[in-house]
Amino acid sequence: IISSTNPAGAENVASGGAELTRYITKKVELNEEADTATVFMNVNRPGSANVDLYYRVLEGGSSADINDVAFVAAPPTEAIPVNERSYSEVRYDIDPTGSFGTIQFKIVLRSTVSSTPPKIKDFRAICAT
């Protein structure tokens with residue numbers, strides 16, 4: 001993974017983005033609308049790398065296409081620690097304006113050194129009212 005040093009805002013688009021490596025989850029349609037989402041993932045972050053999380057939502061019952069909605073950056077509750085040998089759990093508290101019935105995430109992996117990319121595992125999201 002070799003990535004530019006563009007600011008995180010370069011990924012706040014409906015499709016594409018400035019970074020080379022990104023993972024977009026399937027859209028999740030909730031049985032009941034939610035007001036917040038709490039996301040956890042375990043991150044292995046070398047000093048030359050970082051991980052960014054983005055999300056996008058649709059109101060419940062919306063006929064809009066989620067692929068037309070721009071992603072929004074979600075900052076972690078605490079800075080992601082540099083840890084080259086093990087994984088650290090990182091938490092994100094997401095509170096979009098209004099309730100939502102569909103949510104989708106984008107994980108961007110950035111590194112300035114191709115031999116030391118960041119890694120993630122155990123991604124999970126809890127949506128609640």
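I started with E11, which is buried at a relative accessible area of 1%. This is a predicted model, so I keep that in mind for everything below.

What does E11 meet? I found a salt bridge between the side chains of E11 and R22, 3.1 Å from N to O. R22 sits in strand β1 (residues 21–24) and E11 in the segment before β1, so this pair ties together parts 11 residues apart in sequence.

Next I looked up D52. Its salt bridge is with R110, and the closest N and O atoms are 2.6 Å apart. I see distant parts of the chain linked here, with D52 in strand β4 (residues 49–58) and R110 in strand β7 (residues 100–111), 58 residues apart. Are D52 and R110 buried or exposed? I have both down as buried.

Then I turned to E29 and K27, whose side chains meet in a salt bridge at 3.4 Å, N to O. E29 is exposed, at 54% relative accessible area, and K27 is partly exposed, at 45%.

My tally for the model is six salt bridges.

Last, I checked the surface for charge. Which residues form a negative patch? I list E33, D35, E59 and D95. Of these, I followed up E33: it lies in strand β2 (residues 28–34) and is partly exposed, with a relative accessible area of 38%.

Definitions and conventions
Residues are numbered from 1 along each chain as its sequence is written. This is a predicted model: local features need pLDDT of at least 70, side-chain atom pairs count only at pLDDT 80 or more; totals for chains, interfaces and linings use all residues. Side-chain values use heavy atoms; hydrogens and water are left out. Patches are made of residues with over 30% relative accessible area and no salt bridge: like charges are joined within 9 Å, nonpolar side chains (Val, Leu, Ile, Met, Phe, Trp, Tyr) within 5 Å. Accessible areas come from the Shrake-Rupley method with a 1.4 Å probe; for residues, only the protein chains shown count as cover. A salt bridge is a side-chain nitrogen of Lys or Arg within 4 Å of a carboxyl oxygen of Asp or Glu. Lys and Arg count as positive and Asp and Glu as negative; His and the chain ends are not counted. The place of a charge is taken as NZ of Lys, CZ of Arg, CG of Asp or CD of Glu. Helices (H or I, at least four residues) and strands (E, at least two) are DSSP runs, numbered from the N terminus. Buried means under 20% relative accessible area, exposed over 50%, partly exposed in between (1.4 Å probe, protein chains only).
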